[in-house]
Structure formats: structure tokens, C-alpha cells
Amino acid sequence: MTKLEWCVPAIVMLLLTTISLADEPTGELAQRLAGVKFDHYAEAPGYSEGPTWRNGDVFFCSGALLRVTGPKQIHKYLEIGPAGTVLLGNGHLLICDNKHKALLDLSPEGKLGVVAERFEMESLASLNDLTVDARGNVY
């Protein structure tokens, strides 16, 4: 895969963000949004990134893979070095893990597996965020 192919998802995301930020709500939509109230769901320790909802729980990265359960309690779920998660249609959670320098797969049953630990004979270092396209390609 060329460097340009790796950059395309980031460029598309930047464009989508720019478009959505430029379109300010007006009229009826602005009035409805003015009444929106935010609910504080749970207190996350330090930084957090890569959130993914699965069956009422939120998994996110913050020094380890943390899990917020339905009762809004935070638990350390896996002692890894995650930097991004994405939920697949089959309920599996893909995780960028920098502790083991691998792309991991967490099944709905809690079984952890390795999807990849090398790309073109190089170790997967400095993983951060991921997405999956309609064909199942991971970026």
C-alpha cells in the first residue's frame, strides 16, 4: 500500500469534519439543538480516546483498555497499550495495541486474538486509531 493510500482516510475525515463544522444549524434545527441537555456518563481517568459502544458498554483507551458498564462504572478490562478501537459487524472489537505492537481482536465472548503484528516484514509500532472499510480492509 502506498503512502497516499494510507493518507486518503485521514483526508476524507478532515474534509467531512470541515464540512460539518461549516454548516451551522439555523431555524427550527437551531431551536431544537438549543434545548439539548448533556448527561455526564462517567468520569474517565486522564486522557481517553478510541471509544466504541458494544451491547450497552463503552470500551475506550486510557493507559489500558477500560470498560464502562451499564451502571456507569469504569473498570480496567485489559492490561494492554491501546490507542484505538473499532467495532465490527460480527461484534468483535479490533484494537490498536502498542504494548504488544499488534492489531488485536476481542471477541464478544472475551477471547483475545492477534490479527496482525507485522506489515511488509516490519513490526507494527506506533499504532493509533483505525477504521474498516466496506470490504473489510483495516486502515
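Tutor: A nonpolar core is a set of buried Ala, Val, Leu, Ile, Met, Phe, Trp, Tyr and Cys residues joined through side-chain atoms within 4.5 Å, where buried means under 20% relative accessible area, exposed over 50% and partly exposed in between (1.4 Å probe, protein chains only). This is a predicted model: local features need pLDDT of at least 70, side-chain atom pairs count only at pLDDT 80 or more, and totals for chains, interfaces and linings use all residues. Residues are numbered from 1 along each chain as its sequence is written, and side-chain values use heavy atoms, leaving out hydrogens and water.

Student: How many residues make up the largest nonpolar core?

Tutor: Phe59, Leu65, Leu78, Ile80 and Leu93 belong to it, among others including Ala102 and Leu106. Two or more residues each come from β6 (93-97) and β7 (102-106), strands being DSSP E runs of at least two residues, numbered from the N terminus. β7 gives the largest share, 3 residues. In all, the core has 9 residues.

Student: Which kind of aromatic pair do Phe59 and Tyr77 form?

Tutor: Ring centres of Phe, Tyr and Trp (its six-membered ring) must lie within 6.5 Å; planes under 30 degrees apart are stacked, over 60 edge-to-face, and the rest tilted. Here the centres are 5.3 Å apart and the planes 80 degrees, so by that rule the pair is edge-to-face.

Student: Why does this pair tie together parts that are apart in sequence?

Tutor: Phe59 is buried at 1% relative accessible area, while Tyr77 is partly exposed at 28%. Because Phe59 lies in strand β2 (residues 57-61) and Tyr77 in strand β4 (residues 74-78), the pair links parts separated in sequence by 18 residues.

Conventions:
Helices (H or I, at least four residues) and strands (E, at least two) are DSSP runs, numbered from the N terminus.
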